[in-house]
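Visitor: Please show me the structure, and then let us go through it in questions and answers.

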Amino acid sequence: MMPPKKATTAASEKTTTTHKCSACDKAKPRSEYTDTAWKRAERGRKHTCRVCERDARWFKKYGKTYDEIKKIFDAQEQRCPICGTALDLGKNTHVDHDHDTGAVRGILCRACNIGLGHFKDSAAACVYAAVYLVATSEEGSEKREKVIMRDVNRAVDVLNDELCV
């Protein structure tokens with residue numbers, strides 16, 4: 001025989017609709033917390049809202065808050081500065097940073113970020129790759145060659161400006 005179910009009363013049920021975030025000290029509704037954080041809050045333990053968790057994650061990894069990263073992103077007109085692809089911060093973006101200093105350089109698309117990684121962040125290697133593409137392009141593709149050379153010349157001009165400063 002099964003034991004009878006205990007009757008629940010309104011007093012025994014938790015009716016909390018908000019909890020105060022341990023980081024920003026603001027009362028926020030359930031939708032502002034992950035499931036884990038909400039359960040921690042229900043138990044009276046330290047918990048942080050989604051926004052504070054995100055900021056802590058960005059700061060730990062890049063030394064910048066989400067708002068600082070967003071300013072960089074907006075200054076790039078929400079596009080990859082290498083290929084010009086339209087980006088949506090957090091969905092198809094990668095924070096490009098100098099692996100020696102940790103300084104954030106910009107927000108890139110996945111393909112360009114991987115490309116820079118394969119070139120070991122070497123500007124010279126990227127220019128040599130562009131020259132290689134031009135040198136090995138098929139005959140009769142003068143338009144393609146002109147476009148590549150235009151882009152190479154722009155890159156060289158930027159490099160010269162950076163090195164002369």
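Visitor: Are Tyr33 and Trp38 buried or exposed?
Guide: This is a predicted model, in which local features need pLDDT of at least 70 and side-chain atom pairs count only at pLDDT 80 or more, while totals for chains, interfaces and linings use all residues. Residues are numbered from 1 along each chain as its sequence is written, and side-chain values use heavy atoms, with hydrogens and water left out. Buried means under 20% relative accessible area, exposed over 50%, and partly exposed in between (1.4 Å probe, protein chains only). By that scale, Tyr33 and Trp38 are both buried.

Visitor: How many aromatic pairs does a search of the whole structure find?
Guide: Rings of Phe, Tyr and Trp (its six-membered ring) pair if their centres lie within 6.5 Å. Planes under 30 degrees apart count as stacked, over 60 as edge-to-face and the rest as tilted. Searching the whole structure gives a count of three.

Visitor: What kind of aromatic pair do Tyr33 and Trp38 form?
Guide: Their ring centres are 5.6 Å apart. With 55° between the planes, the pair of Tyr33 and Trp38 is tilted.

Visitor: And what kind do Trp58 and Tyr66 form?
Guide: Trp58 and Tyr66 are both buried, and their rings are 5.9 Å apart, centre to centre. Ring pairs also link Trp58 and Tyr66 with Tyr62 into a cluster. The planes of Trp58 and Tyr66 are at 75°, and the pair is edge-to-face.

Visitor: Which residue has its charged end over the ring of Tyr66?
Guide: A charge sits over a ring if NZ of Lys or CZ of Arg is within 6 Å of the ring centre and within 35 degrees of the ring normal. Here the charged end lies 3.6 Å from the centre of the Tyr66 ring, and it belongs to Arg54.

Visitor: Which side chain of opposite charge is nearest to Lys28?
Guide: Lys28 belongs to strand E2 (residues 27-29), and its contacts (heavy atoms within 4.5 Å) include Tyr33 and Trp38. Lys and Arg count as positive and Asp and Glu as negative; His and the chain ends are not counted. A salt bridge is a side-chain nitrogen of Lys or Arg within 4 Å of a carboxyl oxygen of Asp or Glu. Lys28 is buried and has no salt bridge; the nearest side chain of opposite charge, at 4.7 Å, is Glu32.

Visitor: What value is phi of Lys120 near?
Guide: Most residues other than glycine have a negative phi. Lys120 lies in the loop between H4 and helix H5 (123-135), and it counts as exposed because its relative accessible area is 71%. Its phi is positive, near 55°.

Methods
Helix = DSSP H or I, 4+ residues; strand = E, 2+ residues; numbered from the N terminus. Lists of a residue's contacts leave out its neighbours within four places in sequence.
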